[in-house]
Amino acid sequence: MENSFTAVYEKIDDWYIGYLQELPSANVQERTLEEARESLREVIELIIISNRELAEQQISGKDVLREQITVKL
C-alpha cells in the first residue's frame, strides 16, 4: 500500500525543520534537507507501526472485523 503525505520544510539558521501536514506529531530537525526528508519517512513508518501495535493491544481478545479501506482526497 502506498500513501502520500505533505512534507513542509523550513530552514532556520543551519537546520532544516520538517513536519507533515497530515500527521502533526511527525516533526524532525536535521542539518540537510535530504536528512530531513529521510527522517520524516522513518517517522511515518514508526508512527504507523506504533499505532498498529497499540490497536492490537486494545482489541486483543475481542471479536472484531478488519478490512482495508481506501480514501482518495
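At 12% relative accessibility, Ser39 counts as buried, the term denoting under 20% relative accessible area, with exposed meaning over 50% and partly exposed the range in between (1.4 Å probe, protein chains only). Ser39 belongs to helix 1, which spans residues 33-59. Apart from neighbours within four places in sequence, Ser39 is in contact with Val28 and Glu30, contact being defined as heavy atoms within 4.5 Å.

The structure is a predicted model, in which local features need pLDDT of at least 70 and side-chain atom pairs count only at pLDDT 80 or more, whereas totals for chains, interfaces and linings use all residues. Residues are numbered from 1 along each chain as its sequence is written, and side-chain values use heavy atoms, with hydrogens and water left out.

Along the principal axes, the C-alpha atoms fill a box of roughly 55 × 25 × 15 Å.

Of the 73 residues in the chain, 15% are buried. Among contacts with a separation of 6 or more, 14% involve residues 24 or more positions apart. The chain exposes about 6400 Å², of which carbon and sulfur atoms supply 49%; accessible areas come from the Shrake-Rupley method with a 1.4 Å probe, and for residues only the protein chains shown count as cover.

Strand 1 (residues 7-12) and strand 2 (residues 15-20) run antiparallel and are joined by six bridges; two strands pair if DSSP finds at least two bridges between them. Asp13 lies in the loop between strand 1 and strand 2 and has a positive phi of about 55 degrees, although it is not a glycine. Most residues other than glycine have a negative phi. Asp13 is exposed, with a relative accessible area of 68%.

Methods: Helix = DSSP H or I, 4+ residues; strand = E, 2+ residues; numbered from the N terminus.
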